[in-house]
Amino acid sequence: MTTILCIRKGSEVVMAGDGQATLGEAIVFKSKSIKVRRIGNGNIIAGFAGAAADGITLIERLEAKLEKHANQLKRAAVELAKDWRMDKYLRQLQAYMIVADKDVSLVLNGTGEVMEPDDGIIGIGSGGNYAMAAAKALYDIEGLSLEEIAQKAMKIAGDIDIYTNHNVIIEKV
């Protein structure tokens, strides 16, 4: 597992993901896994938690949906979720995704869910709840940027969750 955190204030969005990869109980990579990336001509950020190959497959499928639907993130996400739920192959994928652009932040999963948080803060993966709780606590502190909130929240998650490390990649839209 891993930790992916997405924080939104208005049209500003930051997504953070740690770099640790595990295979069962063993750490395979301490810092080399990239689980947060830009897609859709760089205007959309996607992050995944779960099996790496499954997450990458889902990102590729989402990119195809974005091309088909003129980079309309919400529509592409709904179409991907439909396929994910209905397609025999896709149903086997073991991953969650967060996707965000300047207008919307969404969580997608294999049961066909496409969810938008009320407060603009989303966490997934084994350390997702820790990072999300920390981000909520830091969110209204005057003078902290979204990047600083994400960095501090991911550090807390990495301190608590054994499947999350402190090598964090942050992307911003």
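**Notebook: charged pairs and surface contacts**

I first looked up E116, which forms a salt bridge with K74, the closest N and O atoms being 3.4 Å apart. E116 lies in the loop between β9 (114-115) and β10 (121-125) and K74 in helix α2 (residues 73-86), so the pair ties together parts that are 42 residues apart in sequence. I took a salt bridge as a side-chain nitrogen of Lys or Arg within 4 Å of a carboxyl oxygen of Asp or Glu. Helices (H or I, at least four residues) and strands (E, at least two) are DSSP runs, numbered from the N terminus.

The model is predicted: local features need pLDDT of at least 70, side-chain atom pairs count only at pLDDT 80 or more, and totals for chains, interfaces and linings use all residues. Residues are numbered from 1 along each chain as its sequence is written, and side-chain values use heavy atoms, with hydrogens and water left out.

E12 is in strand β2 (residues 12-18) and K172 in strand β11 (residues 168-172), 160 residues apart. I noted that E12, E147 and K172 are linked in a network of salt bridges.

Within helix α2, I found K82 and E79 three residues apart, about one turn of the helix. Their salt bridge has its closest N and O atoms 3.3 Å apart.

Last, I looked up K9, which lies over the face of Y139, at 4.7 Å from the ring centre. This requires NZ of Lys or CZ of Arg within 6 Å of the ring centre and within 35 degrees of the ring normal.
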